[in-house]
Amino acid sequence: MKKALIITYYWPPSGGAGVQRWLKFVKYLRLFGWEPVVYTPRNPEYPETDQTLLSDVPPGITILRTPILEPYSAYKRFIGRNKDEKISAGFLTEKKKNSVLENISVWIRGNLFIPDARRFWINPSVRFLVKQLQDDPVDIIISTGPPHSMHLIGMNVSRKLNIPWIADFRDPWTNIDFYRDLKLTRRADIKHRRLEKMVLKEATAVITISRSMAEDFNRIHHRDYEVITNGYDPEDVTEPGEIVRDEKFSIAHIGTMVSTRNPFVFWKAVRSILNDNPQFGDDLVIRLIGKVDFKVLESIEEYGLTPYVELVNYLPHPEVVKIQQCSRVLLLIINDTPNSKMILTGKFFEYLAARRPILCIGPVDGDAAGILAETGAGLISGFSDEESMKVHILQYYNSYKKGELQPANRNIDMYSRKELTGKLATLLDKYKS
């Protein structure tokens with residue numbers, strides 16, 4: 001078989017969104033004539049762990065691991081955290097903290113650890129992989145980020161061995177939603193942008209997860225960009241006949257809810273409906289599955305919605321999939337940030353696979369809105385369109401009361417992980433050495 005080296009920070013038992021994309025690609029690559037070789041840290045700092053994902057790792061594949069030096073132990077001591085506490089991705093804050101220490105730590109993170117806290121793994125990884133691939137060559141190298149240090153590893157190994165290299169972006173770099181929160185100096189900002197442009201320019205091919213992200217990268221460096229979205233794995237989905245729907249009108253949000261994902265328009269609309277219709281409160285339950293920023297909890301309390309909200313911490317992936325299928329409605333929130341049009345989370349496609357109506361908050365002209373219209377899977381309201389949100393919630397609620405709550409879900413097969421892996425394999429065949 002042709003061989004592909006995949007450089008990824010997130011790998012089982014890592015949980016969360018970052019691991020799913022390449023775990024599923026690796027799961028199906030052999031079907032298309034490619035043998036995956038995975039390179040990942042031996043001792044990473046994962047936000048969550050999920051042992052159930054190990055079952056998706058194909059038997060007999062080569063997994064290369066080397067130690068990584070990360071600054072998180074010092075970071076935890078600096079901000080007064082327990083050494084066993086997990087570091088959340090992005091800018092999630094589960095409880096109020098010392099703002100001075102937090103601001104200092106953010107400044108250090110943005111200005112001293114460029115492109116990210118895994119920068120100290122770059123040079124040791126390059127040395128290890130150059131030696132490894134000289135003895136056991138591959139046909140192509142793939143790096144997936146963030147963290148974008150993975151791309152710098154791929155770029156330098158490709159330079160030294162003249163092996164084609166593909167950079168896969170699950171999220172943007174300088175246009176990621178929290179980039180402006182990093183308190184960057186002008187010098188640090190220039191360095192981030194220089195490294196980003198270097199990766200976009202030097203990679204044999206660049207993959208993005210959305211059309212809008214490709215257009216944004218094209219503004220930074222003009223070239224052809226490949227779009228391979230995230231997707232869902234049909235093998236994760238329970239047969240419809242085995243699913244028992246929630247008795248109540250359950251609205252579930254799956255995943256981390258950071259402050260930029262605080263759905264003010266949803267809280268306002270729900271509060272307004274409750275004021276008008278007490279029966280709605282008897283039927284309603286809102287489930288938030290995953291970590292929730294303390295600012296979101298404050299909003300829930302402010303709008304008097306605490307009695308209707310169930311908070312559930314991180315769950316193993318099979319349990320999450322079951323909750324998605326049992327829920328009456330799935331809440332999808334696009335981050336209210338300048339890059340909102342290009343955001344297509346992996347969770348969105350699992351929502352499609354659950355075949356439950358999606359209630360989306362985000363830009364009505366963004367990529368997520370386009371897929372909702374294409375598939376008939378849900379309804380979308382703008383970030384501040386309370387009236388539209390009320391109409392959509394009541395539309396779903398009235399259908400629920402009639403026993404008719406079911407989305408159209410057209411053309412979702414194109415987003416299956418197996419189909420998307422076939423698209424990836426075609427790309428690998430095109431650029432392999």
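Colleague: Why is Leu152 called buried?

Modeller: The model is a predicted one. Leu152 has a relative accessible area of 7%, and buried means under 20%, so Leu152 is buried. This residue is found in helix H5.

Colleague: How far apart are Leu152 and Val199 in sequence and in space?

Modeller: Along the sequence, 47 residues separate Leu152 and Val199. In space, their C-alpha atoms are 7.4 Å apart.

Colleague: What makes Glu202 and Arg159 a salt bridge?

Modeller: The N to O value for these side chains is 2.6 Å. The term requires a side-chain nitrogen of Lys or Arg within 4 Å of a carboxyl oxygen of Asp or Glu, so Glu202 and Arg159 form a salt bridge. The pair links distant parts of the chain, with Glu202 in helix H6 and Arg159 in helix H5, 43 residues apart.

Colleague: How do you know whether Glu202 is buried, partly exposed or exposed?

Modeller: Glu202 has a relative accessible area of 35%. Buried means under 20% and exposed over 50%, so Glu202, lying in between, is partly exposed. Arg159, at 44%, is also partly exposed.

Colleague: What is the separation of Asp189 and Arg193 in helix H6?

Modeller: Asp189 and Arg193 are four residues apart in helix H6, which means that about one helical turn separates them. Their side chains meet in a salt bridge, 2.9 Å from N to O. Arg193 is partly exposed, with a relative accessible area of 38%.

Colleague: Which parts of the chain does the pair of Lys2 and Asp429 link?

Modeller: Lys2 is in strand E1 and Asp429 is in helix H15, residues 417–431. These are distant parts of the chain, 427 residues apart. The closest N and O atoms of this salt bridge are 2.7 Å apart, a value within 4 Å. Lys2 is partly exposed at 24% relative accessible area, and Asp429 is partly exposed at 34%.

Colleague: How many salt bridges does the structure hold?

Modeller: The structure holds 23 salt bridges. A network of salt bridges links Lys24, Lys27, Asp56, Asp233, Glu235 and Asp236.

Colleague: Why is the pair of Tyr9 and Tyr46 called edge-to-face?

Modeller: The angle between the ring planes is 85°, and planes over 60 degrees apart count as edge-to-face, so the name applies to Tyr9 and Tyr46. Their centres are 5.9 Å apart, which is within the 6.5 Å required of a pair.

Colleague: What does this pair tie together?

Modeller: Tyr9 lies in the loop between strand E1 (2–7) and helix H1 (17–29), and Tyr46 in the loop between strand E2 (34–41) and strand E3 (62–66), so the pair ties together parts that are 37 residues apart in sequence. Tyr9 is buried at 0% relative accessibility, and Tyr46 is buried at 6%. The count of aromatic pairs comes to 17. One aromatic cluster is formed by Phe249, Phe280, Tyr397 and Tyr400.

Conventions:
Residues are numbered from 1 along each chain as its sequence is written. This is a predicted model: local features need pLDDT of at least 70, side-chain atom pairs count only at pLDDT 80 or more; totals for chains, interfaces and linings use all residues. Side-chain values use heavy atoms; hydrogens and water are left out. Rings of Phe, Tyr and Trp (its six-membered ring) pair if their centres lie within 6.5 Å; planes under 30 degrees apart count as stacked, over 60 as edge-to-face and the rest as tilted. Helices (H or I, at least four residues) and strands (E, at least two) are DSSP runs, numbered from the N terminus. Buried means under 20% relative accessible area, exposed over 50%, partly exposed in between (1.4 Å probe, protein chains only).
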